[in-house]
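Please examine the sequence and the model shown below before reading on.

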Amino acid sequence: TYDPNLVVWKGVITKYSLLIKKVVPAQTILHQEDVPDGGMEDVDNTVCIEREMEMNRYKYIQTYCTTDDLSVNTEYSVRVRAQDDKGEWGEWTELVFETPPLPPGKPVLKKAHSNYIAFDWESPDVYTRYLYCVEQAVSKSDRSLKKDERGQVASTDGSLEWRVVDTVSETYAKIKTTTALTKCRFRVKCCKMDKPVHLWSKYSPVAAFTTAVPPDAVANLCITSLSKSSATLEWAKPTNQAQSSAQNTASTSQTAKAQQQQKV
């Protein structure tokens with residue numbers, strides 16, 4: 001209720017104090033010697049940034065702060081409070097946020113059927129449920145693929161365009177494609193399913209089919225000529241590699257010269 005005898009004084013804000021802490025789960029402390037002197041209460045939060053914004057000569061106080069070098073897949077606690085021209089501090093206002101997760105790892109392409117490709121990858125960790133977004137690269141000259149499945153223009157990367165081909169909750173996807181296997185390029189990103197806002201990770205490395213199987217070990221390695229300061233080595237090409245016409249008529253050889261130190 002209104003009281004005419006009560007005078008309410010409103011101070012002028014002259015300073016803001018900001019504190020950012022990294023939230024460290026207590027279960028990450030594996031050994032008793034890792035517990036600080038203050039006990040487990042000092043484990044929960046690690047101070048990353050402590051900053052004060054004061055009124056400058058233009059009588060303006062910034063009400064924002066940008067911080068870099070945050071760790072991925074990490075929860076942070078932010079606290080901000082204000083101070084008036086009498087030096088009185090107000091209550092803390094707190095916000096908790098989490099940075100995007102690590103990207104999926106080890107993406108691999110496999111041919112499943114004539115028009116299908118199996119694409120699988122590794123989850124960032126085994127404790128969290130993730131949603132995965134799979135993208136395929138197509139050439140910019142292919143006008144039929146200028147938009148993704150939702151009708152949105154695909155993101156570009158050099159001479160390629162990336163379009164969303166699937167969104168899954170497992171660490172694999174079966175994709176139908178008519179693109180030649182040697183031209184297939186896929187990548188995947190992820191976000192945590194249990195968060196209200198989907199913060200996407202960076203993309204995984206691009207997965208592609210190799211042009212050929214790795215060669216077998218070379219055969220029949222031998223020394224055909226040996227002198228005081230040189231040696232001639234000869235070997236046969238791996239059995240799983242095609243011989244060229246020139247190599248069918250001449251053996252492959254390599255001359256290795258090594259100067260020997262004279263014994264005095």
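Which residues do ring pairs link into a cluster? The cluster consists of Phe119, Trp121, Tyr130, Tyr132 and Phe186. The model is predicted, so local features need pLDDT of at least 70 and side-chain atom pairs count only at pLDDT 80 or more, while totals for chains, interfaces and linings use all residues. Residues are numbered from 1 along each chain as its sequence is written, and side-chain values use heavy atoms, with hydrogens and water left out.

Rings of Phe, Tyr and Trp (its six-membered ring) pair if their centres lie within 6.5 Å; planes under 30 degrees apart are stacked, over 60 edge-to-face, and the rest tilted. The count by this rule is five aromatic pairs. Two of them are set out here.

| Pair | Centre to centre | Angle between planes | Class |
|---|---|---|---|
| Tyrosine 76 and phenylalanine 97 | 5.6 Å | 20 degrees | stacked |
| Phenylalanine 119 and phenylalanine 186 | 5.7 Å | 40 degrees | tilted |

Strands are DSSP runs of E, at least two residues long, numbered from the N terminus. Phenylalanine 119 belongs to strand 6 (residues 116-122) and phenylalanine 186 to strand 11 (residues 185-192), so this pair links parts of the chain 67 residues apart.

Relative accessible area (1.4 Å probe, protein chains only) defines buried as under 20%, exposed as over 50%, and partly exposed as in between. Tyrosine 76 is buried at 2%, whereas phenylalanine 97 is partly exposed at 28%. Phenylalanine 119 is buried at 0%, and phenylalanine 186 is buried at 0%.

Notes. Helix = DSSP H or I, 4+ residues; strand = E, 2+ residues; numbered from the N terminus.
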